[in-house]
Amino acid sequence: MCGIIGYCGINNAEDIIISGLHALEYRGYDSAGMTVFTQNGLKTIKTKGRVADLENKAKIMFLEPSGCGIGHTRWATHGKPSETNAHPHGTESVMIVHNGIIENYNEIKKFLSERGYGFLSETDTEVAAKLLDYEYKNEKDKIKAIINTVNQLKGSYAFGIVFKDEPGTVYGVKKDSPLLAGLSGQGNFIASDISAFLKYTGDYIRPEDGEIIRLTSDSVSVYGPEGSPVEKKAEKALWNSAAAEKSGFRHFMLKEIFEEPKVLNDTFDSITKDSYPDFSETIPDDSFFEGIGTIHIIACGTAMHAGLIGKHYIEKLARIPVNVEIASEFRYKDPILSKNDMVIVISQSGETADSLAALRLVNKMNIKTLSVVNTYGSTIARESSHVIYTKAGPEIAVASTKAFSVQAVVMLILALKLSEIQGRLTKEEILKISSSFKNMTKTSLHNVLCNTQNIERAAATTAKHQDVFFIGRGYDNYLGMEASLKLKEISYIHSEAYAAGELKHGTISLIEENTPVIAIATNKDFYEKMRSNIEEVRSRGAYVISICTENADIIKNVSDAVMTIPDDDEFSKPFTAAAVIQLFAYYGALALGRDIDKPRNLAKSVTVE
Ligand code: F6R
């Protein structure tokens, strides 16, 4: 979703802003812009399209280097993607960039129109910018004007602000949208996330909602929501800039899939001791896991699918009932929770608006919450009773791959922990499952990643079709849902995922000659049933590509093509199968020449509801 960068320092601000915007591209956007201080005041350029277009435009239009400015990538919410709607917005005296949504912008627009303000764009941001202009003219004090402005806004925002009469200074303020301040000897930054300035510094400050940042080239000051100075402690990034580079891979998505053996191991090691579940790093007291009635897992998209895999593990191993809820539904459905329930929020970014709102709702009900988050110190991590960090490192491709896999391994180890607490599994049984997981990451997963010919062939065949179906049972059904989402989002091929036994209750009418059906049949318990379901669709003309183990002749014999995984234990197979479905989507999108890392209309971090 929208990305913000601001810089004041001794280097060329235009270059630093462009490089920051490139780093923020992965968040998803459809236009870009920047405002910098020049000798003749503020200068703004904008473009519909890519940051590269903005860069070319800057080369022509910015003849003099600047030391300070703000930049933005916009993911359209109010008003279509266009140069006019692109940020920054503002007036002669103040320009702003914004991430979030101002819900009451219509009322404010009316108020300002009555006072002589005109509007060029369709955006809520322009309204906020002109309200700030109005407040600044009245107050003549920048901090007070910012406070008065944000106090009138309903919704979510992170703003980067420059005032014409204060060259070399950038202001920032946030509520429910991410914003950080980066600190370096060569200048200071504000940005939506750390990747925008990681090349220059890993030291940063994390402001709270309502706090105002003031950057100059050699100082970063923070003011509280009332305007008084606040002392903040600087933090250090856990990732270095190399982690956010392609390292010779054609796409970030491919690189991130190939990182899975490492990040699965890193995550496993961080929540086990001698392969035995150990969450003491962030959850020191085991009583947190005791006496749980029902577990509610809340998440969006891919993270929600990892939650479904978690449901399978927890119900199977610990016999605790698990509901998996889509965050945007959960938060508005007046949920029924009991006081001994536990809520788990899963989120790669830790900033997803619906997941955060659901967490806040649960927090008000006094129910214990646990978040499974990849981004250190993110809002969801900070606002839950406890957090387990996944160790995926930065995930740059919009399509989530390694983050899904590490979320699933946290779910597996959590299920083992709960099975121990519930007295369901012996120590030996727990160690057997976790050791075979570890072995799988060392051998089987590498085998899958190094032998992709069948996957590439199957994906290229599928890419010739408009509609694809995924079928599976149990966790294979959940993997099918993730496979379908992955294929849709990056290849734009329409696909649906069905519980294999459910297809004949309606959707089977869509199966025609050569319709691709991907049958995920990795679980021995369902081989016979899956064989019947495959035969049902094949007899209606489907071209069936199965994902099964190398020795599953019962499935292979009824399939037109196969993508195989090694025969690990049932709890490890979802990880190798996940790599197959991710590679399948990747090669399908590659065959169609799609923009794999930045698929259309999508944003990496969904900070609006
Ligand atoms: C799909 C994808 C999304 C995210 C979803 C939740 O590949 O990445 O479906 O999983 O937007 O995001 P987080 O995990 O950041 O809460």
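These notebook entries record what I looked up in this structure, which is a predicted model.

**Entry 1. Helix α1**

I began with helix α1, residues 13-24.

I then asked how many of the 12 residues of α1 are buried. The count is 9, so the helix is largely enclosed by the rest of the structure. I listed the buried residues as Ala13, Glu14, Ile16, Ile17, Ile18, Ser19, Gly20, Leu21 and Leu24. Next I looked for what covers them, and found that the cover includes the strands β1 (3-9), β2 (31-38), β4 (68-74) and β10 (187-191), together with the helix α2 (51-61).

I also examined the start of α1, where a side-chain oxygen of Asn12 comes to within 3.2 Å of the backbone nitrogen of Glu14.

**Entry 2. Helices α12 and α13**

I turned to a pair of helices. Two packed helices are described by the angle between their axes and the distance between the axes. For α12 (residues 402-421) and α13 (residues 427-442), I noted that the axes come within 10 Å and cross at roughly 170°. That angle makes α12 roughly antiparallel to α13, because angles over 145 degrees count as roughly antiparallel.

I asked which residues meet where these two helices touch. From α12 they are Val409, Leu412, Leu416, Ser419 and Glu420; from α13 they are Ile430, Ile433, Ser434 and Phe437. Sorted by class, this contact has 6 nonpolar, 2 polar and 1 charged residues.

I stayed with helix α13 to look up Leu431, which lies in it. Its relative accessibility is 25%, so Leu431 counts as partly exposed. Setting aside residues up to four places away in sequence, I found that Leu431 touches Asp274, Ser275 and Tyr276. I also recorded a distance to Phe584: 153 residues separate Leu431 from Phe584 along the chain, and their C-alpha atoms are separated by 32 Å.

Thr443 has its place in the loop between α13 and α14 (444-450). I noted a relative accessible area of 45% for Thr443, which makes this residue partly exposed. Thr443 and Pro261 are 182 residues apart in sequence, yet their C-alpha atoms are 9.1 Å apart in space.

**Entry 3. Two buried residues in strands**

I looked up Ser184 in strand β9 (residues 180-184). Is Ser184 buried or exposed? It counts as buried, with a relative accessibility of 18%, because the cut-off for buried is under 20%. The side chain of Ser184 reaches the backbone nitrogen of Gln186 at 3.1 Å. Beyond residues up to four places away in sequence, Ser184 touches Phe189, Tyr200 and Thr201.

I then looked up Thr272, which lies in strand β16 (residues 272-273). Thr272 is buried, with a relative accessible area of 12%. A polar atom of its side chain lies 2.7 Å from the backbone oxygen of Phe268. Leaving aside neighbours within four places in sequence, I found Thr272 in contact with Pro277, Asp278 and Ile413.

**Entry 4. Helix α19**

I repeated the span check on helix α19, residues 573-591. At 1.5 Å a residue, its 19 residues should span 27 Å, and its end C-alpha atoms are 27 Å apart, which agrees. The helix is mostly covered, since 17 of its 19 residues are buried. After α19 comes Gly593, whose phi is positive, near 70°.

**Entry 5. Backbone exceptions**

Most residues other than glycine have a negative phi, and most peptide bonds are trans.

- A cis peptide bond joins His87 and Pro88, with omega about 0°. Pro88 lies in the loop between β4 and β5 (89-90).
- Asn366 is not a glycine, yet its phi is positive, about 60°. I located Asn366 in the loop between α10 (353-364) and β21 (368-373). At 69% relative accessibility, Asn366 counts as exposed.
- Tyr492 is not a glycine either, and has a positive phi of about 65°. I located Tyr492 in the loop between α16 (475-491) and β24 (494-499). With a relative accessible area of 22%, Tyr492 is partly exposed.

Technical notes: Residues are numbered from 1 along each chain as its sequence is written. This is a predicted model: local features need pLDDT of at least 70, side-chain atom pairs count only at pLDDT 80 or more; totals for chains, interfaces and linings use all residues. Side-chain values use heavy atoms; hydrogens and water are left out. Helices (H or I, at least four residues) and strands (E, at least two) are DSSP runs, numbered from the N terminus. The expected span of a helix is 1.5 Å times one less than its number of residues. Buried means under 20% relative accessible area, exposed over 50%, partly exposed in between (1.4 Å probe, protein chains only). Contact means heavy atoms within 4.5 Å. A polar contact is a pair of N or O atoms within 3.5 Å; within protein, one must be able to donate a hydrogen and the other to accept it, and residues adjacent in sequence count only if both atoms are side-chain atoms. Axes are lines fitted to C-alpha atoms, for helices over the stretch in contact, and angles run from 0 to 180 degrees between N-to-C directions. Angles under 35 degrees count as roughly parallel, over 145 as roughly antiparallel, 65 to 115 as roughly perpendicular and the rest as oblique. Ala, Val, Leu, Ile, Met, Phe, Trp, Tyr, Cys and Pro count as nonpolar, Asp, Glu, Lys and Arg as charged, and the others, Gly among them, as polar.
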